[in-house]
Amino acid sequence: MEKIMSVILAVLTGLLAGGQPNNAADLFTIQLLCTSPEIYRIDYVAYLDSEYLCTGGVANFEEKPLNLDPAVLVYFSQDDLEGKEKGAMSLELRLYDEKEDKEIAVLGPVKVEARLGGKDIIQISGDKTNGFAAKPAAQQHKSY
């Protein structure tokens, strides 16, 4: 069953990566591909070149699990990247359940290469019983 889920997830990741429009040249995008029905909110702490960059979070207005929303996106402009066009980014992810008041897991750091015009996908999977995991799923770097 685990192998089947891995294959399905790989195909879904490929379809999502291929079906997304090219990222704007002045933005770096991270898509949070959440496969767990137990996650309703994700907060993050971002670091660029080992220095603190910012904190933020994502959830949907319908208060539904994030696995029902394939377009969970976080954008960084050149100003957000402190004037840099690229750098080594790492994210610490904090996961929350349906009440959104209790942290159910802290994951990371997940490392990606931040590059204006690029897009990375971070896959978040698992459950409360077996634990959660986050890893880069695909990269779409494009030079402009």
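User: How many helices and strands does the protein chain have, and in what order do the elements run?
Analyst: In this predicted model, the protein chain has 1 helix and 8 strands. Read from the N terminus on, the order of the elements is α-β-β-β-β-β-β-β-β.

User: Is Phe-76 buried or exposed?
Analyst: Leaving aside neighbours within four places in sequence, Phe-76 is in contact with residues including Leu-27, Ile-30, Ala-46, Leu-53, Leu-81, Met-89 and Leu-116. Buried means under 20% relative accessible area. Phe-76 has 2% relative accessibility, so Phe-76 counts as buried.

User: How many aromatic pairs are there, and what is the geometry of the pair formed by Tyr-44 and Phe-76?
Analyst: The count comes to 3 aromatic pairs. For Tyr-44 and Phe-76, the ring centres are 6.4 Å apart and the planes are at 70°. An angle over 60 degrees counts as edge-to-face, so the pair of Tyr-44 and Phe-76 is edge-to-face.

User: Why does the pair of Tyr-44 and Phe-76 tie together parts of the chain, and how many residues apart in sequence are they?
Analyst: Tyr-44 counts as buried at 11% relative accessibility. Ring pairs also link Tyr-44 and Phe-76 with Phe-28 into a cluster. Because Tyr-44 lies in strand β2 and Phe-76 in strand β4, their pair ties together parts whose separation in sequence is 32 residues.

User: Are Tyr-47 and Tyr-52 buried or partly exposed?
Analyst: Tyr-47 and Tyr-52 form an edge-to-face pair, 6.1 Å centre to centre with 80° between the planes. The relative accessibility of Tyr-47 is 29%, and that of Tyr-52 is 47%. Values between 20% and 50% fall in the middle class, so Tyr-47 and Tyr-52 both count as partly exposed.

User: What separates the C-alpha atoms of Val-110 and Leu-93?
Analyst: Val-110 lies in strand β6 and is buried, with a relative accessible area of 4%. Beyond its neighbours within four places in sequence, Val-110 is in contact with Leu-93, Met-89, Ile-122 and Pro-136, among others. Val-110 and Leu-93 are 17 residues apart along the chain, and their C-alpha atoms are separated by 8.1 Å.

User: Which ring has Arg-41 over its face, and at what distance from the ring centre?
Analyst: The ring is that of Tyr-96. Arg-41 lies over its face, and the distance from the ring centre is 3.8 Å.

Note on methods
Residues numbered from 1 in each chain as written. Predicted model: local features only at pLDDT ≥ 70, side-chain atom pairs only at ≥ 80, totals over all residues. Heavy atoms only, no water. Contact = heavy atoms within 4.5 Å. Helix = DSSP H or I, 4+ residues; strand = E, 2+ residues; numbered from the N terminus. Buried < 20%, exposed > 50% of the residue type's maximum accessible area, 1.4 Å probe, protein only. Phe/Tyr/Trp six-rings, centres within 6.5 Å; stacked < 30°, edge-to-face > 60°. Lys NZ or Arg CZ within 6 Å of the ring centre and 35° of its normal.
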